[in-house]
Amino acid sequence: MLRDGWKDGAGPMQPIQILQPDSDGYLATALERLLDRLLPIALECGDVHSRPRSRQRFKAVVRKVIQARQRVACLRGVVNTLLAPRIRDMDAQLEEIATSKKLRQENVKRFLENYRQPQLSREVPVGQVTEDMTTKPLLETQCRFWQVADKAAGKVPECRGEPRQSDSKQSWIARGARERRPQRWGLAERLRRPEPAVSQWDVMSSGLKHFSAAQKVQKVELGLTKSTSLPSLHSKHGGFGKVDETCETCDEAPMATTFTDSWKAKQKSGGSMSRYMTACERGNILPKPLDFIASGSASLNAANWGLADSDLIPVVTMFRSASFVQEVDLSANTLLTDKSLVPLLQKMMRNAACQGMARLKLRQCWRLGAPAVEAVIGLLSSCWGLTGLKLLDFSGVLIPVRLQLDFCEAIGEHPNLTSVKLADTGLGSNPAARSCLEALFRCNTLTALDLSWNAFKDEVFVAIGSFVAASHVHLQSLAMSNCSSANLSLSSEQVQPANLMLERLGQAQRLSYLDVSMNRLDLSGALVLEDALGRHPTLTELDVSRNSFSKLGAHSLLRLFASSRLERLHCAESFDMGTSGRFFQLCNPEGEYSLNLSLPHHRSILRMLLKLCKRLRLTVKQAFIDMQPLLTLPDQEEDGVFRVPSSGRVSFTFSSTRAAGPDVYEEPARLDAALQDRLELCRVQLRVDKAVLMIPIFESLQDKLPLIDALAKNFILSYAHVEMLCSLGKSMLAPTVILRLLHTTAASKLCRYMCLLLAGSKAQYIQIQKRARLSLTFTPSNPSMHYLLILSEACDFHLAESIRILDRWESNCATRCGLVDNSQSGNQSQVRNELYEGRKPCFRSLGDWELPLQGRLEFDFAGGPRPRPGTEPAPAGSFNKLFEVVLHSGCKPKQQLQALRAVSPYIYVSSSQLRALLGSVCVPQDTKDKKDAAETAKEVRLQLFHIFYYRLTDIWNVKVCKARFSSEEYTSLTTRLGPVKFLPFVQPEQALLELDFAIHDHKLAVSIFVMLCQKEGALFQEPRFIREDGTEDKLVTGVPRAWARYSDCPKAGFFRAKYKRSVKTRTEFLATYGRWRAPALAKEDICWWSQLSDVSLDVIRFLEVICEKYPDLKEAFRDIDGEGGNGGISILEFEEYCERVVDSRFSKNRRDRFRAIFRFLDATMEGNISMEEWGLLDTVKCELDRQTHDLHAFLLHRFKGGLEQAWDAWATSRITQEQWKRQLDEAGYFGASAELFSIMDQPNAGSISYDQFRRFFSGRSTRDGCAKS
């Protein structure tokens, strides 16, 4: 990658973040190859003594690589370490489930062995009932239970003849689906039909299909030889009895056995099991294989069993003799009513076995009414009830309004309750809901509370926050899902009740779990959550799922997750909906604020700004500027919270850069480090443990872009984090992750380079580079350039934020130093010509504007450090190598611009070097659309000048470089840099002024010129003032002297003039208004120059006539002045000399044209040309010779064979001026082509031949006017 970096023993150069080798070991793009060659040359131009030795630099690079790899290995190890317990826990859970299943099977097997008697007869078939059984529910069965029972007992009947259809299409899954619906059994006659030998449960399932309630059956009494019960449990063969071994074909269906003894045949009298079986026998009820029944468990766990009242009534009889009941769980048994549950609850009263019950769960028993609620209230409030109860789950049971207060008071007075679940119980419909909740929160032992799905009113919802934050409440878990009754039509000035509750939850110091999902929280709620819970000491799990936070809410929630003790964050479907309001950017909060302190999220914003001040070590007075009205805000926290007012309005400007930040002009080397330190203070450093805990959040989101954007705009990451996110996402997501998170690793260029290596293919790599090029090549030490930013791209958004910070630093520095405001809008900002979506945005400055997250932002930045006095430009040898590399690179103009922009912070150039560098930008010969390519090359030259303008070491000679631009290009540069910054302070002669008084720096430029004019005694040439109403004032009496004061200049209108005066020192204005620190200059230190665009063609032709006759222009001056002259040329002497000039180029209107030349040379307009004024022709001659040299060098480079090949490529015999300009423009030539053509066209015929073309260059091959430059 850095193969050219080892030259001259300089050691390996610093790694550049945008170099990426392909599979063959070569750099991927032509731009990278160019930059790889330019970088060592640019570093050679720097201070050699400040660079470390090669061995030290090599060790530093190796050390960075090792550290980066160690961090990656550490993160991978932590991921594996943290995920290993989850895997072990999963294995343990599976083993526990298997053990529990095996234990259940053993209990069922033991149950069957105890209650099955030997077969005595087989008279009544399966499914036969008697006439006196009129209750239809008794006929229902659950074949699935009997299947499990026989399988557990290992007693599946075998049948001779055809094999069982265990593998038939009628599987147990299909039969189970049928068994879940109430069905009837068929009659015995139906079952006696000859059928293949099948399993007994197949017979039962087929019988269910053909039941007819109208048929009559024989009466069979219980306890006799015939049974009316469902399949007998007394058979060793699963209820079928012993199969007749002589029945080889099984023509007759097996018959059910009868009960010969009662259910309690093998149990002691009075046992709980005996009572349950007796009740089932008497009520013709199918027994349920619950653990409470089958194995004598202390927990009645019947959740999701689909029990009816008839199934629960026999269980009630077991509570009389039960020794201990630990739990009763009847959740999701929706058929249960007060008929069965009230007796059960009554049995618990004054029952010693139930007084120690820990858990009572009646969730989703929808049919319970007031009697059941009253029974529960009695159990909770009585000392003979459930005094040891720890958990009460009453979710889904509608509590009558008249009983809600009593119910809550009973809970509040209970001595041992720790967990209460009252979700969807109708508490919100009670007008006295606040009193109910107040009574509920009196329970001092309560640690977990679920109030979900109760639509509370605003005042009740707010009161919950106060109750939870009370000192006597020790809640550790609070569930408030779908409780807010907030209106979606609330305006921004109305209070969201959920936000008021969330603001108070920060004071609940013992809370470890919080569920506020589905509460219609918006972006303001996310800000309140971040502020309230950011420093919570115990909160480890937060559920905010299905709230309308919008994509911007992910920023606050992710910052909250990374900076708090949270271990789990549930945010499913929270970023897919919602509208985005004002976006509070914690990483860049500068700007104007107007807060309504009665709103919770506005108070949160104020507290977050105070926290940021503490982090940046700023006082309130330093950060809060122009506060109206003046409030007393705390500098320190009280009990971990900043106490701010809860009412009133306040407006202020927050600035964290006014009192802090480096001196842009005195400490330019600190800008990179200062900007990075600023980002580290305002952004969140993502720790390794938080990165691992973020994996479930990343995987749970379907749309992962909000999470990636939140990371990009609020966090500082390392290569390990980017690699982890690339591995978690799909392969197509990796380029998006790299592109959006690349700038977050800006602390290390090596990390950015390693992140680029994560691209899956060369195409992806080139795509990432193309979109992130501006961010990759941006350097704070030289930010001056034209910017076009797509704010939806995270790297461009980060770049806009960086520019805002640099702009504020420079503005504050200028204010502290008392420098003149030369900004465009009068706000000390260096940002100019802002356009958002092609229109002028409505803000005072970019620094005070809240950056939108989308859109196209375009502006010019004309600021940054200036070279120190005495700074040397790049050595001639190094610059020549750099120039040759760019010239022969074969890259497109845009690629040349990007490469030169990347190396610009390492080099300083002189005006002559910059002029040559601009000429190296040309259109490649293989370009198809040369017209568009020529326009692109022109734009690239303007941007290059903009970039290197503040890298010039001889700003007083900048006219040497400006002279190569055309009038249109010069105007464009004035617009980009500003008329004051681009003002030719040292050489203002012939400067054309076109200024608008409505623009601050234009108005200042007029004032500067008027002051300069008054000090030097000069005059404006052809001044014009166009008023705001369109009328014109030719200023016959001259420019008003009052315009030298900025305040007295007109507020609107246009001013146009030319400045002409003899030479005087203007370094004072250069330092005052241009902010350049130039040394004391003598006349000989300045390379006086002129622009051909400011000179008429007649002046150039007159100069050619003079140069052909006189080798020295001073000799021509003495000849015109005559022998014994007075040292000046009058108008008569000049006209007399011009009459002797015989040249076809002055054949028409000779007198008027020569007088125009005289007026051009008479700078003081005194009617006399001095020797100093005559020297203006010398500056024109220098530029003309330099233009000729540049064109000759360009033609030799472009057309390898020389001038003859160039002519052959253009024309056959003659070429017109239009063809000449078009051919040079398409070839990418940068210079004054029209002026050079007029010199070659001596007969003024409008076209030139090859002989004229060749003589022009042969006669000027030795002339070079750039000796001084």
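**Note on a helix pair and selected salt bridges**

1. In this predicted model, the axes of helix α24 (residues 719-728) and helix α25 (residues 734-741) cross at roughly 155° and come within 8 Å. An angle over 145 degrees counts as roughly antiparallel, and α24 and α25 are therefore roughly antiparallel to each other. Their crossing is right-handed.

2. On the α24 side, the contact is made by Val722, Leu725 and Cys726; they meet Ala734, Val737, Ile738 and Leu741 of α25. The residues of this contact comprise 7 nonpolar, no polar and no charged.

3. The count of salt bridges comes to 28. One of them joins the side chains of Arg771 and Glu793, at 2.4 Å from N to O. Arg771 sits in helix α27 (residues 762-776), while Glu793 is in the loop between β18 (785-790) and α28 (794-817), 22 residues apart. Arg771 is partly exposed at 37% relative accessibility, whereas Glu793 is buried at 14%.

4. Arg866 and Glu810 also pair through their side chains, at 3.4 Å from N to O. Arg866 belongs to the loop between β20 (856-861) and α29 (876-887), and Glu810 to helix α28, 56 residues apart. Arg866 is buried at 3% relative accessibility, and Glu810 is buried at 1%.

5. Asp1190 and Arg915 form a salt bridge in which the closest N and O atoms are 3.2 Å apart. Asp1190 lies in helix α42 (residues 1176-1198) and Arg915 in helix α31 (residues 911-919), so the bridge ties together parts 275 residues apart in sequence. Asp1190 is buried, with a relative accessible area of 10%; Arg915 is buried, at 1%.

6. A network of salt bridges links Glu503, Asp531, Arg603, Arg607 and Lys611.

Methods. Residues are numbered from 1 along each chain as its sequence is written. This is a predicted model: local features need pLDDT of at least 70, side-chain atom pairs count only at pLDDT 80 or more; totals for chains, interfaces and linings use all residues. Side-chain values use heavy atoms; hydrogens and water are left out. Axes are lines fitted to C-alpha atoms, for helices over the stretch in contact, and angles run from 0 to 180 degrees between N-to-C directions. Helices (H or I, at least four residues) and strands (E, at least two) are DSSP runs, numbered from the N terminus. Angles under 35 degrees count as roughly parallel, over 145 as roughly antiparallel, 65 to 115 as roughly perpendicular and the rest as oblique. A crossing is left-handed if the near helix is turned anticlockwise from the far one by less than a right angle, and right-handed if clockwise. Contact means heavy atoms within 4.5 Å. Ala, Val, Leu, Ile, Met, Phe, Trp, Tyr, Cys and Pro count as nonpolar, Asp, Glu, Lys and Arg as charged, and the others, Gly among them, as polar. A salt bridge is a side-chain nitrogen of Lys or Arg within 4 Å of a carboxyl oxygen of Asp or Glu. Buried means under 20% relative accessible area, exposed over 50%, partly exposed in between (1.4 Å probe, protein chains only).
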